[in-house]
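Welcome! Please take a first look at the structure below, and then we can walk through it together.

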Amino acid sequence: MYLHGTSRINRQGHLEIGGCDTVELAKRFGTPLYVMDEEMIRERMRSFVKACREQTDFAFRVAYASKAFNTLAMCRVVEEEGLMLDVVSEGELVTALAAGFPAERIYFHGNNKSKGEIKRAISAGIGWFVVDNFVELELLQQVANSLGQVARILLRVSPGIEAHTHSYIQTGQEDSKFGFDLASGQAFEAARLSKKMKGVQFEGLHCHIGSQIFETEAFTLAIGKMARLAEQCEQAGYPISILNVGGGFGIRYSADDKPLAVEEVIQAIAETVKREFRFAAHQPEIWVEPGRAVVGEAGTTLYTVGTVKKVPGIRKYVAVDGGMTDNLRPALYQAKYEALLANRATETETEVVSIAGKCCESGDMLIWDIALPKVKQGDILAVGCTGAYNYSMASNYNRLPRPAVIFVNKGEADIVVERETLEDVIAHDRIPMRLQKQMVSEA
Ligand SMILES: Cc1ncc(COP(=O)(O)O)c(C=O)c1O
Ligand SMILES: N[C@@H](CCCC[NH3+])C(=O)O
């Protein structure tokens, strides 16, 4: 397994992250366990901020897309590092506000925001809404007017770009549930309409073409298209002051993945903006909103190996105490992961096995065909690169409690999300009166 961030193999031959021995962590906190390398998360944020700062021709701001991994502690880190925060639901918003994250640095995404969500966000004083469609635009102006407020908005545009990634995580193609369609003129119409509305203030445009992208071309093509729309808006008398080009920067899950360096992609974005926005009286501010690229490589999940089963001549299955409930990505996107035995990290790989989860589902396989030392019951398996869209997409399928999340940093390990208990799992269940077990009394 590739060792990201502060991960290394220590003298005991154990995997260590953030100065903490993962075998000890598994003993202390139990498994499955999400281990987040705080120093690496901060370092990734800083690399985006630094790369943006170096593009001195215009203001460049970085937001963290909190859908990738959002907890109270994570919001504290985002605030400390000075980023903005992208939320996509009231739950993500409330998490940020409860963590004391400044509302004016938050903006609200999503293709179906409810009236209640909009109301709460305006009342909290968030910075911007990224408006996805005409119904929302109308609702937003109504709610803003009823509260006597003006909502600052960006319009989410679907630029008609097919990024080279899994079709489930492409978002910028024309046939998409997200955003105003560019080609048919919907996006311009939305800008025109919003300029006439009282409760909203049109400030800019947004596009996000997909996730886990490895080439700069998809971004530069999208910016070119967005620039033509911005030019049309400027000619019509409503120039944009913000262009948000989304997230989607790929990371290295396995050796097949060749991510772009942060500096490279930011520079490509900056150069394209400079070239494409020559028409503009004022360069718009450029925003990026990475999620995966900030937290993905900083997460590792620890599991305990349970059963090992051999299908003669075919395959050896090694089952761990988690699976698709804590990492849905292999089942959903055929995502590939790497792993090692955290307790025997220096031993040579002697067999090829497949790692199965414990859910009642044949597709619950975390890794197919991985070379490991001979695996035994009780071994600690560490799966790398699980920081993004793992905890945030976890479920209670098969009524499994969700794992704990810890931050490790300079030899310290702190719980940031407690492990769910079985009591938590049944806490919201109710038995209707007619189904309650009758206690037959003898009398
Ligand atoms: C609108 C928007 N912005 C940002 C992101 C973050 O994407 P990533 O985690 O790939 O950077 C997403 C998710 O794909 C998204 O839908
Ligand atoms: N959840 C996806 C990315 C979704 C992006 C959100 N628009 C993943 O795990 O890769």
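## Starting at Tyr-333

Let us begin with one residue: Tyr-333 sits in helix α11, which runs over residues 329-333. Tyr-333 counts as partly exposed because 16 other C-beta atoms lie within 10 Å of its own, and a residue needs 20 or more to be called buried.

The protein chain has an average pLDDT of 95, and 97% of its residues score at least 70. For the complex, the predictor gives an ipTM of 0.98 and a pTM of 0.96. Where pLDDT is low, the predicted coordinates should not be read in detail.

## The chain as a whole

Stepping back, the protein chain contains 12 helices and 21 strands. Its radius of gyration is 24 Å, which agrees with the value near 22 Å that a compact globule of 443 residues would have. Along the principal axes, the C-alpha atoms fill a box of roughly 70 × 70 × 40 Å.

Of the 443 residues, 47% count as buried. If we take contacts between residues at least 6 apart in sequence, 69% of them join residues at least 24 apart.

The unreviewed UniProt entry has another "binding site" list, made up of Gly-248, Glu-289, Pro-290, Gly-291, Arg-292 and Tyr-389. Gly-248 belongs to the loop between β12 (242-244) and α9 (262-276). Gly-248 is buried, since 29 other C-beta atoms lie within 10 Å. Beyond its neighbours up to four places away in sequence, Gly-248 touches Ala-163, His-208, Ile-209, Gly-210, Ser-211 and Ile-213.

Gly-291 lies in the loop between β13 (285-288) and α10 (292-295), while Arg-292 is part of helix α10. Gly-291 is buried, with 25 other C-beta atoms within 10 Å, and Arg-292 is buried with 26. Setting aside residues up to four places away in sequence, the contacts of Gly-291 include Tyr-64, Lys-67, Ala-68 and Ala-388. With neighbours within four places left out, Arg-292 is in contact with residues including Ala-68, Ser-211, Ala-388 and Tyr-389.

## Helix α8 and its packing

Helix α8 covers residues 216-235, 20 residues in total, and reaches 29 Å from its first C-alpha to its last, close to the expected 28 Å. Among its buried residues are Ala-218, Ala-222, Met-226 and Ala-230. An α-helix has 3.6 residues a turn, so residues three or four places apart point the same way.

What do the buried residues of α8 pack against? They pack against β9 (151-158), α7 (186-196), β11 (200-206), β12 and α9. Just after α8, Gly-237 takes a positive phi of about 100°.

Our last stop is an open sheet of three strands in the order β1-β2-β3, with antiparallel pairing. Its edge strands are β1 (8-9) and β3 (20-21), each pairing on one side only. Strand β2, residues 15-17, pairs with β3 over two bridges in the antiparallel sense. Within this pairing, Glu-16 has Asp-21 of β3 as its bridge partner.

Terms used:
Residues are numbered from 1 along each chain as its sequence is written. Chains are lettered from A and ligands numbered from 1 in the order in which they are written. This is a predicted model: local features need pLDDT of at least 70, side-chain atom pairs count only at pLDDT 80 or more; totals for chains, interfaces and linings use all residues. Helices (H or I, at least four residues) and strands (E, at least two) are DSSP runs, numbered from the N terminus. The radius of gyration is taken over C-alpha atoms; the globule rule is 2.2 Å times the number of residues to the power 0.38. A residue is buried if 20 or more other C-beta atoms lie within 10 Å of its own, exposed if 12 or fewer, and partly exposed in between; C-beta atoms are placed from the backbone. Two residues are in contact if their C-beta atoms, placed from the backbone, lie within 7 Å. UniProt positions are given in the numbering used here, feature names are shortened, and annotations may be inferred rather than shown by experiment. pLDDT is the predictor's confidence in each residue, from 0 to 100. Two strands pair if DSSP finds at least two bridges between them. The expected span of a helix is 1.5 Å times one less than its number of residues.
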